[in-house]
Amino acid sequence: MWAAKPELAAQFGVSRAVVRDGTRMLAARGLVEAQHGRGVFVTGSPVAAFGDALLLALRRAGATAWDVERFEQMVLPEVMAEAARRATDEEVAEIRRAAETYHATFAEVTGQSWDRGELTPAERERVMAAFRDLYGAFFAATHNALWALLAEPLLRLRAPRSWQTGGMTAAEFIAHERRLIDARVEAITARDPDRA
């Protein structure tokens, strides 16, 4: 989306200097980009800038993977419960679609990497993209603006975990992950916040 500065000045009944100063302030916050001779363009999601700032603050504070893990243990049950309370039928359908995509990706990548014992960077990103899509749908179903704002940076902090598989086969490990995810999806589908 774009607008020329003269058009903005006329639309809002202010001088071009006011528009120019406002544009500079918005550009400094990463919300718009002024292109000489073309206009002012709204940049990508402001959530990305917020996420970058949060990640930087966490790094500066020395946050560890365990800090993130513990935070998730506190937050995710509430997100799931709120999604169970508030999800629309369309959102439940999206959650189900995202879960099936995640299952397919997880099964394929796990099967390919099982004997190596580790994921390649490309495999890791495929799994995490499907994971972020699924959990983004959970967060969106809460209809809570703060959860929606926090979802992206929180999910960017997440990394695939290395688990002791206790001698499981790849198929058993895939089935175990499916059971964990499907339990969440079914609780939301059943509109059961306590189970979620």
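A: Start with a charged cluster. This is a predicted model. In it, Glu82, Arg85 and Arg86 are joined by a network of salt bridges.

Q: How many salt bridges does the structure hold?

A: There are 11 salt bridges in the structure. The test is a side-chain nitrogen of Lys or Arg within 4 Å of a carboxyl oxygen of Asp or Glu.

Q: Which side chain meets Arg178 in a salt bridge at 3.4 Å?

A: That partner is Glu100, with 3.4 Å from N to O. Arg178 sits in helix α8 (residues 170–189) and Glu100 in helix α5, so this pair ties together parts that are 78 residues apart in sequence.

Q: Which side chain meets Arg178 at 3.5 Å?

A: Asp182 does, in a salt bridge of 3.5 Å, N to O. Arg178 and Asp182 both belong to helix α8 and are four residues apart, about one turn of the helix.

Q: How do I read the exposure of these side chains: buried, partly exposed or exposed?

A: Under 20% is buried, over 50% is exposed, and in between is partly exposed. Arg178 has 32% relative accessibility, so it counts as partly exposed. Glu100 is partly exposed because its relative accessible area is 42%. Asp182, at 22%, also counts as partly exposed.

Q: In the pair Glu123 and Arg116, what is the N to O distance?

A: The side chains of Glu123 and Arg116 meet in a salt bridge at 2.3 Å, N to O. Glu123 has a relative accessible area of 9%, so it is buried. Arg116 is partly exposed, at 44%.

Q: Now Glu91. Where is it found?

A: Glu91 is in helix α5, which covers residues 89–113.

Q: What is the nearest side chain of opposite charge to Glu91, and how far away is it?

A: It is Arg191, 7.4 Å away. A salt bridge needs the atoms within 4 Å. Glu91 is buried yet has no salt bridge.

Q: Which residues is Glu91 in contact with, leaving aside neighbours within four places in sequence?

A: Glu91 contacts Arg86, Ala140, Ala141 and His143.

Q: Let's turn to nonpolar side chains. Which residues make a nonpolar surface patch of about 280 Å²?

A: Phe12, Val14 and Val18 make that patch. Look at Phe12, which lies in helix α1 (residues 5–12). Its relative accessibility is 57%, so Phe12 counts as exposed.

Key: Residues numbered from 1 in each chain as written. Predicted model: local features only at pLDDT ≥ 70, side-chain atom pairs only at ≥ 80, totals over all residues. Heavy atoms only, no water. Helix = DSSP H or I, 4+ residues; strand = E, 2+ residues; numbered from the N terminus. Buried < 20%, exposed > 50% of the residue type's maximum accessible area, 1.4 Å probe, protein only. Lys, Arg positive; Asp, Glu negative; His and termini not counted. Contact = heavy atoms within 4.5 Å. Patch = residues over 30% accessible without salt bridge, like charges linked within 9 Å, V, L, I, M, F, W, Y side chains within 5 Å. Areas by Shrake-Rupley, 256 points an atom, 1.4 Å probe, with all protein chains shown as cover.
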